[in-house]
Amino acid sequence: MIEIRFHGRGGQGAVTSAELMAQTAVGSGKYAQAFPSFGPERRGAPVTAFLRISDQPIRVREKIYNPDVVVVLDPSVMNVTKVDAGLKDSGVLIINSAHPAGALRQQYGFKWKITTIDALSIALEVLKVPITNTVMMGALSKVMGVATPDDVREPLQNRFGPALAPKNQEAFERAYANAKMEA
Amino acid sequence: MSVTKSTKPVGIEVSLAIAEAVKLAEAEVVAAYPITPQTHIVEHLSDLVANGELSAEYVPVESEQSALSACLGSSAAGARTFTATSSQGLMLMAEMVFIAPVLRLPIVMAVANRAISAPINIWNDHSDIMSIRDCGWIQFFAENGQEATDMTIISFRLAEDKNVMLPVILNLDGFTLSHFIEPILFPPQDKVRKYLPPYQTAHKLDITKPISMGLLGAPEVFTEIKKATDNALVASKKYVSKAFDEFGKIFGRQYKLVETYKTDDAETIIVTMGSISETATVAVDEMREAGEKVGLVHLRLWRPFPVDELRAAVRGAKHLAVVDRHFTPGFPEGPVATEIRALMYHEADRPKMSNFILGLGGRDVPRNHFKYIVEQVKGLGASGRQGHYEMVGVLE
Amino acid sequence: MKNKVKITMEATTKVGDLPFGFTAQPGTTREFKTGDWRSARPVLDREKCIYCGFCYIYCPDGVYKDMGPKEKYYQADLDFCKGCGVCANECPKKCIQMVVEEV
């Protein structure tokens, strides 16, 4: 079982990312579970979402305290939330940032492997809005090997419809092609 | 394509899955008022009605009191009727809730369990349903999304069984179940129709054969009416088993009134209801690996209480650690523990009882809470007496 | 065990004999003649009656019957009239008198 925690701000699609990744995993025959940190929904407020993917049925319903992966959709959240809290020693941080991993490691004292991707630029270029969820899904899928562009096609279609799905697919694929795990 | 046509599991929010199950059950009337965390159930139902997938009358009422009033009316007219609510909504509805079983109206209601104010809290515990515990409806607690989906269909079948004719409440934990995305395998429509034929009853308001419903019950008959209704509720237990068995035969998923997990040689048995039960099974596995003789009993049916099944499930245990998601202010034990202690009192070989209150107002219930409980039980000493409930993790 | 204490029983119907869902047949008040509750009955002076229908409208038990445009008056059904006197009170011509029932 892989446990993933998403950090973002209300409206950026952290919850949607977790949801779509779960639907993608279920669609490809795996077990998955996704849920938000429940509460009043406010655009711009820091939000957390949780995702579990497994080859076995998932029974545990507690929050994710020791994730394998942390995905940061908005770098400004790192200033107000300890995003790496409880991250396993073998854990991975996937961060939306224009800065290289080394710079983030220095600034925040992260001791884990880091993948950075300039998701904001890709989102603005492809989607024309600063919503980074499908880009970050692409980076996560590539780095952790949890989904392929083909796997997400149907879930993206169901969620975004014929007008927006192709652009989100493109955003996913741009990140999927470019994301690289720090050596 | 509609998700219910998929022959493979679909990743879907449990609230939406319940609404889809109401569609598969071909409910004829839905009257509801939205309230967190029930909202997605009725929101999705209104979508299904609006887009023509469900041919039902959706009554967007102005309050929960009106919601169940409308349901009483539509069920009395012979329509398959569904509603859903939570917390303060259930409080506002309370006046109407107690009427349905006496009138023998087979309404199905999902309750997305949430704390009651004050302080204002939108998160999960069982204080809403426990406050109307004695309403006389058949009551289930669902453990996961698949069960909540299946149980929606089972509830209609059971409620409308000619030998039952009672309303059913399906409890599901708000957020921690209602808002989870999980894999759900939808029962195929043709098989649902076989399992749940159209609702037909002679017990209805019919202008060609008029009757009066909702009469005054004077002291000369009131006691007898209450006894008749309770007799019906108690007698419904065997039809719950029957509804589960027939569902198992057709759909391959067998449910029981009381579930046991690794209880055979267990010295300590934890008793739970609702969605924390699966988390508890993981905790049991981990404790077993560490050599603890621990097991879990999970009550799926809450009313009518499965008395014999519960006693059989816990037989041989030295300790029962009963978990409550609600407490009884001014009383040393929560409602579930109080009832189970009462049921065990006359047993010759009764276990020591203790009670743990946890998961109030949305506080997370991780595996380590169950490990803590078992540790506490072992530390009770020779008397085995706890004396008073323990609120797990309370900071004082 | 044979009970020594005999308890007071107010019950009228056995649990098993109650109608399902505690319903009732409609129109049962027709069988329940309330006329014997009456201590005074309304007596109409047809000379003064203007056939306005106030008695018919105000009667809380609906016992007045419209005798039609030819007869031009309303008649109380004494099988059901409880003798409340509302009709006499409301009559604009004061042509209804409450006459005490002889026992």
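Which domains does the domain assignment of chain B give? Domain 1 (3-251) and domain 2 (258-391), with bounds that come from an automatic or database domain assignment. Some notes on the rest follow.

1. Ground rules. This is a predicted model, where local features need pLDDT of at least 70 and side-chain atom pairs count only at pLDDT 80 or more, while totals for chains, interfaces and linings use all residues. Residues are numbered from 1 along each chain as its sequence is written, chains are lettered from A and ligands numbered from 1 in the order in which they are written, and side-chain values use heavy atoms, with hydrogens and water left out.

2. Who touches whom. Take contact to mean heavy atoms within 4.5 Å. Two pairs of chains are in contact, and chains A and B share the most contacts of the two. Chains A and C have no contact joining them, and their closest C-alpha atoms are 41 Å apart.

3. Taken over C-alpha atoms, the centres of domain 1 and domain 2 of chain B are separated by 28 Å. Across the boundary, 29 residues of domain 1 of chain B are in contact with 26 residues of domain 2 of chain B.

4. The second largest pocket. Its space comes to about 600 Å³. Of its 25 lining residues, the closest to the centre are Pro57(A), Ile58(A), Asn144(B), Gln146(B) and Glu278(B). The elements giving two or more residues to this lining are β2 (31-36) of chain A, plus α7 (145-160), β8 (181-184), β9 (258-261), α11 (276-289) and β11 (294-299) of chain B. Domain 1 (3-251) and domain 2 (258-391) of chain B both contribute to the lining, so the pocket lies between them.

5. How that pocket is defined. The search runs on a 1 Å grid over the protein atoms alone: a cavity is a set of points where a 1.4 Å probe fits but cannot get out, whereas a pocket is an open set with protein on both sides within 12 Å along at least five of seven lines, and lining residues have an atom within 4 Å of a point. Grid points are joined across faces, edges and corners, and a volume is the space filled by probe spheres set on the points. Helices (H or I, at least four residues) and strands (E, at least two) are DSSP runs, numbered from the N terminus.

6. Make-up of the lining. By class, the second largest pocket is lined by eleven nonpolar, six polar and eight charged residues. Here Ala, Val, Leu, Ile, Met, Phe, Trp, Tyr, Cys and Pro count as nonpolar, Asp, Glu, Lys and Arg as charged, and the others, Gly among them, as polar.

7. Cysteines. With a disulfide taken as a pair of cysteine sulfur atoms within 2.5 Å, the count over all chains is zero. Cys87(C) is in no disulfide, and the nearest cysteine sulfur, that of Cys84(C), is 6.3 Å away. For Cys95(C), the closest cysteine sulfur is in Cys91(C) at 3.5 Å, too far for a bond. Buried means under 20% relative accessible area, exposed over 50%, and partly exposed in between (1.4 Å probe, protein chains only). Cys87(C) counts as buried at 7%, and Cys95(C) is buried at 5%.

8. Most residues other than glycine have a negative phi, and most peptide bonds are trans. The bond from Ser117(B) to Ala118(B) is cis, with omega near 0°, and the bond from Ala118(B) to Pro119(B) is cis too, with omega near -5°. Ala118(B) is in the loop between β5 (108-113) and α6 (127-131) of chain B. Met165(B), in the loop between α7 and β7 (168-173) of chain B, has a positive phi of about 50° and is buried at 4% relative accessible area. Lys262(B) has a phi near 55° and is partly exposed at 39%; its loop runs between β9 and β10 (268-273) of chain B.

9. Two buried side chains. Ser155(B) is part of helix α7 of chain B and is buried, at 0% relative accessible area. Beyond residues up to four places away in sequence, Ser155(B) touches Val108(B), Phe140(B), Val168(B) and Leu170(B). Val69(A), in strand β4 (residues 69-72) of chain A, is buried at 0% as well. Val69(A) and Glu3(A) are 66 residues apart in sequence but 6.5 Å apart in space, C-alpha to C-alpha.
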